[in-house]
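Work through the following exercises with the sequence and the model open. Each task is followed by a solution in steps.

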Amino acid sequence: MRGPGRWAVLFALVVLAVVMLFPFAIVAINAVKSPAEYSSQGPLSLPDGLYLQGIIDFWNRVDFGTKLWNSFVISASVAVLAVVLSVLNAYALGIGRVKGRLSILVVFLVANTLPQEALAYPLYYLSKAVGLYDTQLAVIIVMTVIQAAFGTYLLSAVLGQFPKEILEAASIDGAGRWRSLWRIVVPISRPTINVLLIFFFIWTWNEFFLPLIFLISNDTQTVPVALAVLQGEKFMDATMSSASALLGVVPAIAFFLIFQRTLTRGVTVGAIK
Amino acid sequence: MRVRTRGYWLYLIPSLILFLGVIVVPFLMNVGASFTRWSGVGTPRWIGFDNYARLLKDERFWQSFQHNVALIVAMAIVPTAIGLVLASALFDYIGKRFGPRTASALRAMYYLPQILPVAVAGVVWGWMLHPSYGAVNQIFGLDLDYLGDPDLALATVMAVMVWFQLGYPVVIFMAGLQRVDPAYYEAAEIDGASWWRKFWHITIPQIRPEIFVVLLTCTIAALKVFGPIFVLTRGGPGNATMVPSYFSYLNFFQKSNVGYGAAIATVLALIIIVVTFLFLRVQEREQ
């Protein structure tokens, strides 16, 4: 196909891209309209000016700063802790090749695919029993284990191919196992570990079911839970709803832009290995 | 040598303890609860397989699995099919004629919905589909209640999920296509093969492993789907969009039928495990 044909293909793909991005655009333009402008002009007109009151009102009303901070604390803690656990496990399974490692890996894989509903009620019950209900620590512990199950699976495959000579050389130089792990294995596996850190952070940020169950009070809730629970409240008029949607979208886009390279690399690594 | 390997066990201990407490014990407790009648407080009463017998007769339960099948179509099959065409068009058409930067910019645009928390994606669409002030009705000059009409609700949720999922297969397939030896395509071009024939006889067989992975992960995601249902429809109107995960949540936390909810969750877990093993078996046989 030459001439006009190739432009037709490009045009079709661009139209599809516009359709995919349309919800983002429509949320953004309506979040900065005043309610009066919205009701007279509808959702499709471009905003007359920058009306930020809807966003400010929503922010204050739900104390959005706290929600952002909660999401950040939970996601960052889970990312770091789950990576530490994954590294320890993968060291034993990938490099140490402990007995029964295949069945251990299968157990981790099954744990990762289990629906959270099959754990939710007992976890809810147990967290109440030990006084962790409605605390971020409960979500952090549970999410850490679930993410580490995936991380172990991925990282064990990567460490299985770790050059043994380096470790032998280190042990001849008198480095113990613990020292070799942190001084040699971790620095060399840095690229994979970074992918895991970023993915664990974003997955935990996006997580909905477990935070919904554990975090019921206003000062512990995360961004997705707060936005979902507030939907349909009386005070949520058209422009405030789009303001709330915009506030949920912006952090996600920020992560996407910051981590873009690692993300595209990671999506493929995570899927295939 | 033996002692050396044994020492590595120590590194598994923290995970084994946490794993026991967070996954194994809760899972067994859930299975145990599924054999009881329990409201969440007081002592559970053992009733054997009654909950499971009740499930088999519960129309809502069967409906919820039918809706799961519909969501597998929307989240796994349709995005895989469209994703294959898009990835291949971007990779060997746009990439070659308009440059790789155009191809990767388009890929990023298709991928963007995937980065949203699925609950936030639901908030966005819930707003756009609102019957009185939503953008969708305004654009098409319609007056439909997409999420409130039992005949439209499931189809609407399916459409939203196609939008949400599409970018994932596109990214994975494009990465897979980079592995394919260009010599295949060159040879086919010399033979005068059409784009469609190359797509069918080279692209699809060559990225079969990626297709498997996408179908598996998206099917599991569709079986587990909870967030979009919670945000968009809460399983309604009536039971028009009820899915097993939301059905079990409802029994756990709103109806205080913990035993019944546990039975639903156990069945869902078993189905997911079976699906995973079936996929892995088929994949193994293929290779």
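**Exercise 1. Which residues of H6(A) are buried, and what do they pack against?**

Step 1. In this predicted model, the buried residues of H6(A) are A:Glu117, A:Ala118, A:Leu119, A:Ala120, A:Tyr121, A:Pro122, A:Leu123, A:Tyr124 and A:Ser127.

Step 2. Within chain A, these buried residues pack against H7 and helix H11 (209-214). From chain B, their partners are helix H2 (13-33), H14 and H15.

Step 3. Check the length of the helix. H6(A) has 13 residues and reaches 19 Å from its first C-alpha to its last, close to the 18 Å expected at 1.5 Å a residue.

Step 4. Look at what follows the helix. Just after H6(A), A:Gly131 has a positive phi of about 75°.

**Exercise 2. Find where A:Asp134 and B:Arg234 lie, and classify each as buried, partly exposed or exposed.**

Step 1. A:Asp134 is in the loop between H6 and H7 of chain A. Its phi is near 60°, a positive value in a residue other than glycine.

Step 2. A residue is buried at 20 or more C-beta neighbours within 10 Å and exposed at 12 or fewer. A:Asp134 has 16 such neighbours, so A:Asp134 counts as partly exposed.

Step 3. B:Arg234 belongs to the loop between helix H13 (227-232) and helix H14 (244-253) of chain B. B:Arg234 is not a glycine either, yet has a positive phi of about 50°.

Step 4. With 15 other C-beta atoms within 10 Å, B:Arg234 is partly exposed.

**Exercise 3. Describe the contact of H12(B) with H15(B).**

Step 1. Helix H12 (residues 208-224) of chain B has 17 residues and reaches 24 Å from its first C-alpha to its last, close to the expected 24 Å.

Step 2. List its buried residues: B:Glu210, B:Val213, B:Val214, B:Leu216, B:Thr217, B:Cys218, B:Thr219, B:Ile220, B:Ala222, B:Leu223 and B:Lys224.

Step 3. Compare the axes. Those of H12(B) and helix H15 (residues 258-286) of chain B come within 10 Å and cross at roughly 175°. H12(B) is therefore roughly antiparallel to H15(B), since angles over 145 degrees count as such.

Step 4. Name the residues that make the contact. H12(B) contributes B:Arg208, B:Phe212, B:Leu216, B:Thr219, B:Ile220 and B:Leu223. On H15(B) they are B:Leu268, B:Ile271, B:Ile272, B:Val275, B:Thr276, B:Phe279, B:Gln283 and B:Glu286.

Step 5. Sort them by type: 9 nonpolar, 3 polar and 2 charged.

**Exercise 4. Is B:Ile72 buried or exposed, and what is it in contact with?**

Step 1. B:Ile72 sits in helix H4 (residues 59-97) of chain B.

Step 2. B:Ile72 has 20 other C-beta atoms within 10 Å and is therefore buried.

Step 3. Leaving aside neighbours within four places in sequence, the contacts of B:Ile72 are B:Ile77, B:Thr219 and B:Ala222.

Step 4. B:Ile72 and B:Val225 are 153 residues apart in sequence and 9.8 Å apart in space, C-alpha to C-alpha.

Step 5. Turn to chain B as a whole. Among its contacts between residues at least 6 apart in sequence, 71% join residues at least 24 apart.

**Exercise 5. Which residues have the most contacts inside the largest nonpolar core?**

Step 1. The core has 160 residues, and those with the most contacts inside it are A:Val142, B:Val120 and B:Val124.

Step 2. H4(A) gives the most to this core, with 15 residues.

Step 3. Take A:Val142 as the example. Apart from neighbours within four places in sequence, A:Val142 is in contact with A:Leu123, A:Leu210 and B:Val22.

Note on methods. Residues are numbered from 1 along each chain as its sequence is written. Chains are lettered from A and ligands numbered from 1 in the order in which they are written. This is a predicted model: local features need pLDDT of at least 70, side-chain atom pairs count only at pLDDT 80 or more; totals for chains, interfaces and linings use all residues. Helices (H or I, at least four residues) and strands (E, at least two) are DSSP runs, numbered from the N terminus. The expected span of a helix is 1.5 Å times one less than its number of residues. Axes are lines fitted to C-alpha atoms, for helices over the stretch in contact, and angles run from 0 to 180 degrees between N-to-C directions. Angles under 35 degrees count as roughly parallel, over 145 as roughly antiparallel, 65 to 115 as roughly perpendicular and the rest as oblique. Two residues are in contact if their C-beta atoms, placed from the backbone, lie within 7 Å. Ala, Val, Leu, Ile, Met, Phe, Trp, Tyr, Cys and Pro count as nonpolar, Asp, Glu, Lys and Arg as charged, and the others, Gly among them, as polar. A nonpolar core is a set of buried Ala, Val, Leu, Ile, Met, Phe, Trp, Tyr and Cys residues joined through C-beta atoms within 7 Å.
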